[in-house]
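Here is a colleague's note to read alongside the model. Please keep the sequence and the 3D view open as you go through the points.

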Amino acid sequence: MAGLFWLILGVFTALRLLYLSSGVLDLSPDEAYYWEWSRHLDLSYYSKGPLIAYLIRGLTNLFGTSAFSIRLGALIINLLGAWLLYRFGRECFGDPRVGFWSVLG
């Protein structure tokens, strides 16, 4: 079950990376707003904490200023969240199927 989980997660992540790298979509207003935060780092912002700004700043420093690097943080957080949800379901119920269906459901 764990192998299938990683296969599906890997395929979806690869498809998301391909879509992000295609450059089909412009930044949404929220994404542009968060990018602006990353250009002016602070300890807190009006509506959110600073993590997204620091993540975008780090990724744009590594990969350059592009829609891909601005959106890459969301993909990384999504991947991490799926893995944590899988682990949580597996550990709490002692069955990897619970984690698997929690992520895919």
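This is a predicted model: local features need pLDDT of at least 70, side-chain atom pairs count only at pLDDT 80 or more; totals for chains, interfaces and linings use all residues.

1. **Fold.** The protein chain has five helices and zero strands. From the N terminus on, the order is therefore simply α-α-α-α-α.

2. **Overall dimensions.** The C-alpha trace spans about 45 × 30 × 20 Å along its principal axes. The radius of gyration is 16 Å, whereas a compact globule of 105 residues would come near 13 Å.

3. Of the 105 residues in the protein chain, 22% are buried. Take the contacts with a separation of 6 or more: 43% of them join residues 24 or more positions apart.

4. **Surface and charge.** The accessible surface comes to about 7,000 Å². Carbon and sulfur atoms hold 67% of that surface. The protein chain carries 8 positive and 7 negative side chains. The centres of these two sets lie 6 Å apart.

5. **Largest nonpolar core.** In soluble globular proteins, nonpolar side chains tend to be buried together. Here the largest nonpolar core has six residues: Tyr 34, Trp 37, Tyr 45, Ala 53, Ile 56 and Ile 70. Helix H2 (29–39) and helix H3 (51–63) each supply at least two residues of this core.

6. **Second core.** A separate core of five residues is also present. Phe 5, Leu 9, Ala 82 and Tyr 86 are among them.

7. **Tyr 45.** Which residues does Tyr 45 contact, leaving aside neighbours within four places in sequence? They are Trp 37, His 40, Pro 50 and Ala 53. Trp 37 and Ala 53 are also listed in the largest nonpolar core.

8. **Ser 38.** Ser 38 lies in helix H2. Is Ser 38 buried or exposed? Its relative accessible area is 1%, so Ser 38 is buried; the cut-off for buried is under 20%. Beyond its neighbours within four places in sequence, Ser 38 is in contact with Ala 53, Ile 56 and Arg 57. Ala 53 and Ile 56 belong to the largest nonpolar core.

9. **Arg 57.** Arg 57 sits in helix H3. Its relative accessibility is 28%, so Arg 57 counts as partly exposed. Not counting residues up to four places away in sequence, Arg 57 touches Ser 38, Arg 39, His 40 and Leu 41. Arg 57 and Glu 36 are 21 residues apart along the chain, and their C-alpha atoms are separated by 9.6 Å.

Note on methods. Residues are numbered from 1 along each chain as its sequence is written. Side-chain values use heavy atoms; hydrogens and water are left out. Helices (H or I, at least four residues) and strands (E, at least two) are DSSP runs, numbered from the N terminus. The radius of gyration is taken over C-alpha atoms; the globule rule is 2.2 Å times the number of residues to the power 0.38. Buried means under 20% relative accessible area, exposed over 50%, partly exposed in between (1.4 Å probe, protein chains only). Contact means heavy atoms within 4.5 Å. Accessible areas come from the Shrake-Rupley method with a 1.4 Å probe; for residues, only the protein chains shown count as cover. Lys and Arg count as positive and Asp and Glu as negative; His and the chain ends are not counted. The place of a charge is taken as NZ of Lys, CZ of Arg, CG of Asp or CD of Glu. A nonpolar core is a set of buried Ala, Val, Leu, Ile, Met, Phe, Trp, Tyr and Cys residues joined through side-chain atoms within 4.5 Å.
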